Amino acid sequence: LPLLLKATLLRLASGSYHPFYNRFYYNHIMNDNGDGQDKVDYFNGARLMVETSKDPVYSYSGANVTLPCHYRYEPDLGPKLKIRIKWSKLRDDYTKEQDVMVATGKTSVAFGDFKGRVHLRQASWHEASLVISDVRLKDDGKYRCEVIDGLEDESDVVDLRLQGIVFPYQPPRGQYRLNFHEAKQVCQDQGAILANFNQLFQAWSEGLDWCNAGWLADGTVQYPIRLPRKPCGGVHLAPGIRSYGPRHRHLHRFDAFCFSSALKGEVFYLDHLAGMTLEEAKQNCQAAGAEIARVGQLYSAWKFLGLDRCNAGWLADGSVRYPIVTPRANCGPAEPGVRSFGFPSKGRFGVFCYRER
């Protein structure tokens with residue numbers, strides 16, 4: 001029997017890379033015994049390759065997005081039926097993964113906040129692209145596409161980035177009053193989330209200069225400086241992101257850097273000749289089929305919808321602000337931005353309302 005098996009293997013391996021029944025390939029090599037006899041020394045499987053987009057995929061809150069992923073074999077084996085596909089979301093430091101979905105054939109299971117929002121796009125053989133519906137702010141990040149075929153397991157990573165804006169936030173009670181958990185909450189209250197470092201860096205590269213330190217999503221405290229100056233790290237330091245590193249999430253207190261994406265709805269301004277109190281402002285927005293806008297919504301409307309209004313208006317947190325795209329006389333500084341009057345305890349102003357489309 002051993003002689004018969006050896007003869008069979010030699011016959012199958014008489015040419016380079018001839019297929020065997022289990023889709024593995026025997027490697028036909030020459031021996032070095034000097035007897036002129038070939039031998040089969042080992043066999044190896046077809047190589048599994050997984051490829052995703054090398055460039056970031058951009059989207060925005062409320063949209064649908066496809067994260068591309070394809071796999072193939074070298075040499076090609078044709079379609080296979082028992083492939084297992086797993087998508088997971090990575091932390092920025094790659095130390096932990098969040099399960100997104102697992103699929104085998106036509107059977108799939110989604111996890112956590114992704115339930116009901118994800119499915120595979122398999123328009124062709126060897127495609128494993130992930131479709132995310134109703135994209136949310138916290139969907140921003142890196143995703144791993146993993147393809148499992150028996151003992152073969154290969155993966156690649158694609159980066160989903162939301163188009164958005166970073167804005168610094170202080171609560172009504174003043175500067176440096178928020179621990180990490182409170183910072184997360186105030187950003188959520190304003191229709192936003194705590195920004196990550198990549199988002200803060202992008203905002204800095206677009207001109208954000210802010211001398212107050214604020215929490216980021218990874219628990220570090222940082223701030224962006226375009227114009228070095230004495231109170232902001234010193235005049236001799238180069239422009240950049242200043243970092244205090246990780247801080248104690250319960251004991252240490254700073255401001256927050258929040259991130260908001262493009263809007264599905266619209267922000268509009270209402271006013272009365274005599275102005276409105278905060279409570280009157282809320283009631284007037286409701287009467288218009290809307291709600292009083294949050295800070296993140298005003299920033300998004302300013303950046304993505306070109307909202308430009310030289311009239312101060314109430315927002316949901318009790319602050320009074322107004323957005324300027326085209327600077328002009330009597331509308332604040334010479335740069336575009338969202339101006340703030342703080343949190344007035346008295347006064348009558350207009351109001352910015354938000355309405356879903």
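The model is a predicted one, in which local features need pLDDT of at least 70, side-chain atom pairs count only at pLDDT 80 or more, and totals for chains, interfaces and linings use all residues. Residues are numbered from 1 along each chain as its sequence is written, and side-chain values use heavy atoms, with hydrogens and water left out.

Helices (H or I, at least four residues) and strands (E, at least two) are DSSP runs, numbered from the N terminus. Strands of a sheet pair through backbone hydrogen bonds, either parallel or antiparallel. Here two strands are said to pair if DSSP finds at least two bridges between them. By that rule, 3 strands form an open sheet with antiparallel pairing, in the order β5-β11-β10. Strands β5 (65-67) and β10 stand at the edges with a single partner strand each, so one side of each has no neighbour in the sheet. From one strand to the next, the twist averages 30°; the axes behind such angles are lines fitted to C-alpha atoms, for helices over the stretch in contact, and the angles run from 0 to 180 degrees between N-to-C directions. The antiparallel strands β10 and β11 are joined by 4 bridges, and H119 stands opposite V131 in β11.

The loop between β10 (118-121) and β11 (129-132) contains H126. The phi of H126 is near 70°, a positive value in a residue other than glycine. With a relative accessibility of 13%, H126 counts as buried. In this text, buried means under 20% relative accessible area, exposed means over 50%, and partly exposed lies in between (1.4 Å probe, protein chains only).

Of its residues, 6 of the 6 are buried, so β14 is largely enclosed by the rest of the structure. In a regular strand the side chains alternate between the two faces of the sheet. Strand β14 pairs with β19 in the antiparallel sense over 6 bridges, and the bridge partner of F167 in β19 is C258.

The loop between β14 (164-169) and α2 (180-189) holds Y176. Its phi is near 55°, a positive value in a residue other than glycine. Y176 counts as partly exposed, at 29% relative accessibility.

Y176 also belongs to one aromatic cluster, formed with F180, W215, Y223, Y244 and F254. Rings of Phe, Tyr and Trp (its six-membered ring) pair if their centres lie within 6.5 Å; planes under 30 degrees apart count as stacked, over 60 as edge-to-face and the rest as tilted. The structure holds 14 aromatic pairs. The ring centres of W215 and F254 are 5.8 Å apart and the planes stand at 80°, so this pair is edge-to-face. W215 is in strand β16 (residues 214-215) and F254 is in the loop between β18 (240-246) and β19 (255-261), so the pair links distant parts of the chain, 39 residues apart. W215 is buried, with a relative accessible area of 0%, and F254 counts as buried at 10% relative accessibility.

Two rings also have a charge over them, meaning that NZ of Lys or CZ of Arg is within 6 Å of the ring centre and within 35 degrees of the ring normal. R249 lies over the face of F180, at 4.3 Å from the ring centre. The charged end of R226 sits over the ring of W204, 5.4 Å from its centre.

A disulfide is a covalent bond between the sulfur atoms of two cysteines. Counted as pairs of cysteine sulfur atoms within 2.5 Å, the disulfides come to 5. With bonded cysteines counted along the chain, their pattern is 1-2, 3-6, 4-5, 7-10, 8-9.

One of them joins C69 to C145, with an S to S distance of 2.0 Å. The torsion about this S-S bond is about -80°, so the disulfide is left-handed. C69 lies in strand β6 (residues 69-74) and C145 in strand β12 (residues 141-149), 76 residues apart. Both C69 and C145 are buried.

Another disulfide joins C285 to C353. C285 lies in helix α4 (residues 278-287) and C353 in strand β25 (residues 350-355), so the pair ties together parts that are 68 residues apart in sequence. C285 and C353 are both buried.
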